[in-house]
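Please look at the sequence and the model shown here before reading on. The briefing is meant to be read slowly, with the structure kept in view.

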Amino acid sequence: NLIITSNGGNLLTGVTVNGDLNLSASSARTKIAGGTTFPTAHLSGLSTSLGFAPGQTLSSTVLFEGAGGTRAVEMDGTTGAFTIGATGVIRTAAGFTGDGQIGGAFQFGGAMTLTNDGLISSQVNARTITINPTNFANTGTLEAINGGILTIIPTATWTNGGTINVGAAPSIVNLGGTLNATG
């Protein structure tokens, strides 16, 4: 495992990490650039974040884990596009008691145009993942199951040509912003 600390200057660029990324320290964060790959990123510390450089594609798993606070996937401080690839997953993990955010400014900032070709899944009862980039296109799967909550509120517009799954109550999907449904 590669342990990521709470340093705003952390950067992984052009790296293939053969173990998992472990963000267990409070405010642990790193920027991801240059096609960096890893099997799984565990965002378990309070206020942890991955900041992706424009043009990056996530083809692995990001888990929101641990107690309390916010976990975030955002841009690296630069405005740009970020893609969750067909094999990419961002989800909550069993025992998570915080909330997740994808797209909004948290540790780094930068307006995001997000394309989801993979899976974004809120799987823990009463825990929310908020998708709030500037623009959002879903051609993959969005879901709230096991009582999870998924809130989609881009600041501009979004399109859905993919799938939105809502599990049995109390699972919730909140749709916000301006939706241009294509599927």
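What follows is a short briefing on the sheet, the core, an aromatic pair and a loop residue.

This is a predicted model, in which local features need pLDDT of at least 70 and side-chain atom pairs count only at pLDDT 80 or more, while totals for chains, interfaces and linings use all residues. Residues are numbered from 1 along each chain as its sequence is written, and side-chain values use heavy atoms, with hydrogens and water left out.

**The sheet**

- An open sheet of 8 strands runs in the order E1-E3-E5-E8-E11-E14-E17-E20 with parallel pairing, where strands (E, at least two residues) are DSSP runs numbered from the N terminus and two strands pair if DSSP finds at least two bridges between them.
- The edge strands are E1 (2–3) and E20 (163–166), each of which pairs on one side only.
- Strand E3 (residues 21–23) pairs with strand E5 (residues 40–43) in the parallel sense over 3 bridges, and here Asn22 stands opposite His42 in E5.
- E5 also pairs in the parallel sense with strand E8 (residues 61–64), over 4 bridges; Ala41 stands opposite Val62 in E8, and His42 has Leu63 as its bridge partner in that strand.

- Leaving aside neighbours within four places in sequence, Leu50 is in contact (heavy atoms within 4.5 Å) with residues including Leu21, Ala41, Val62 and Phe108.

**Aromatic pairs**

- A search of the whole structure finds 3 aromatic pairs, meaning rings of Phe, Tyr and Trp (its six-membered ring) whose centres lie within 6.5 Å, with planes under 30 degrees apart counted as stacked, over 60 as edge-to-face and the rest as tilted.
- Phe52 and Phe82 form a stacked pair, at 4.3 Å centre to centre and with 25° between the planes.
- This pair links distant parts of the chain, since Phe52 lies in strand E6 (residues 48–52) and Phe82 in strand E10 (residues 80–84), 30 residues apart.
- Both Phe52 and Phe82 are buried, where buried means under 20% relative accessible area, exposed over 50% and partly exposed in between (1.4 Å probe, protein chains only).

**A loop residue**

- Ala156 is found in the loop between strand E18 (149–152) and strand E19 (157–160), and it counts as partly exposed because its relative accessibility is 29%.
- Apart from neighbours within four places in sequence, Ala156 is in contact with Thr134, Asn135 and Thr178.
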